[in-house]
Amino acid sequence: MAAMALRSPLLPITATSPRDLTERLVQLLIGLFVYGISLAMMIRGGIGLSPWDVLSVGTTFHLPIDYGTATVAISIVVLVLWIPLRQRMGLGTVLNALLVGPSANVGLWLIPEMPNVVAGAALFLAGLVVLSIATGVYIAADFGPGPRDGLMTGLVRVTKWKVWIVRTIIEGSVLLIGWLLGGPVGVGTVIFAFGVGPLIGVFLPRITAWRARRSARLAPVPTP
């Protein structure tokens, strides 16, 4: 994106116009809020969680904190791990760390426990789709990677290992720790592992392309 750049101690923030910047900030906030709601949907589904959520829920069994607070705390720990990797944070990185957990708490307050496994599985699958869309929405806003994605890319850059190797080591380690803490591992964990990538692959390019077209339309028209 072009011309207008804002000074920031974080990653540079650029936009084609003030309206473009405003729209993208709103898009970021909506994406993060909906992402948190999708996590709550999968938790209420009761058939297993993603590795990071297994860790967050497992943490709540050993500390006097709720799921949202555990998610924020883990995100902050992950950001600390960025320091030796010399990763630069974006505004989206910070807001991701701080807002997803509270948004998930709102979802847990609004969404009741499911009465049976069939209803739980349906809610989990719906949550997975919503999460994939929300991921595309906040990534396409282009304000920097989330804490976990930044950890992965930083390790790839430093170790020179392939992305899938680093991702597998991170997710496997997190899942193991979360399971040892008592976090819920189940069929949903497997569904998430194999389903989230393809689903994000469907939604992210389309949302990114729409955002690029929209930002281009909001650019000032050059004067002759």
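**Surface and side-chain contacts**

Trainee: I76 is found in helix α3. As which class does I76 count at its relative accessibility?

Mentor: The model is predicted, so local features need pLDDT of at least 70 and side-chain atom pairs pLDDT 80 or more, while totals for chains, interfaces and linings use all residues. Residues are numbered from 1 along each chain as its sequence is written, and side-chain values use heavy atoms, without hydrogens or water. Buried means under 20% relative accessible area, exposed over 50% and partly exposed in between, with a 1.4 Å probe and protein chains only. Because its relative accessibility is 41%, I76 counts as partly exposed.

Trainee: Which element gives the largest share of the nonpolar patch?

Mentor: A patch takes residues with over 30% relative accessible area and no salt bridge, joining like charges within 9 Å and nonpolar side chains (Val, Leu, Ile, Met, Phe, Trp, Tyr) within 5 Å; areas come from the Shrake-Rupley method with a 1.4 Å probe, and for residues only the protein chains shown count as cover. L29, I76, V80, I83, L98 and L99 make up the nonpolar surface patch, with about 510 Å² of accessible area together. Two or more residues come from each of α3 (67-85) and α4 (91-110), where helices (H or I, at least four residues) and strands (E, at least two) are DSSP runs numbered from the N terminus. The largest share, three residues, belongs to α3.

Trainee: What is the angle between the planes of the aromatic pair?

Mentor: One aromatic pair is found in a search of the whole structure. Y35 and Y138 form this edge-to-face pair, 5.8 Å centre to centre; pairing requires centres of Phe, Tyr or Trp (six-membered) rings within 6.5 Å, with planes under 30 degrees apart stacked, over 60 edge-to-face and the rest tilted. Y35, in helix α1 (residues 18-45), is 103 residues from Y138, in helix α5 (residues 117-140). The angle between the planes is 80°.

Trainee: Over the face of which residue does R148 lie?

Mentor: A charge sits over a ring if NZ of Lys or CZ of Arg is within 6 Å of the ring centre and within 35 degrees of the ring normal. R24 lies over the face of F143, at 4.6 Å from the ring centre. For R148, at 4.9 Å from the ring centre, the residue is W52.

Trainee: Which residue forms a salt bridge with R44, and which with D20?

Mentor: A salt bridge is a side-chain nitrogen of Lys or Arg within 4 Å of a carboxyl oxygen of Asp or Glu, and the count comes to seven. R44 meets its partner E113 at 3.1 Å, N to O. That pair spans 69 residues, from helix α1 to the loop between α4 and α5. For D20, with closest N and O atoms 3.6 Å apart, the partner is R24.

Trainee: What is the relative accessible area of E171?

Mentor: R167 and E171 form a salt bridge at 3.0 Å between the closest N and O atoms. Both lie in helix α7 (residues 163-180), four residues apart, about one turn of the helix. R167 is partly exposed at 36%, whereas E171 is buried, with a relative accessible area of 17%.
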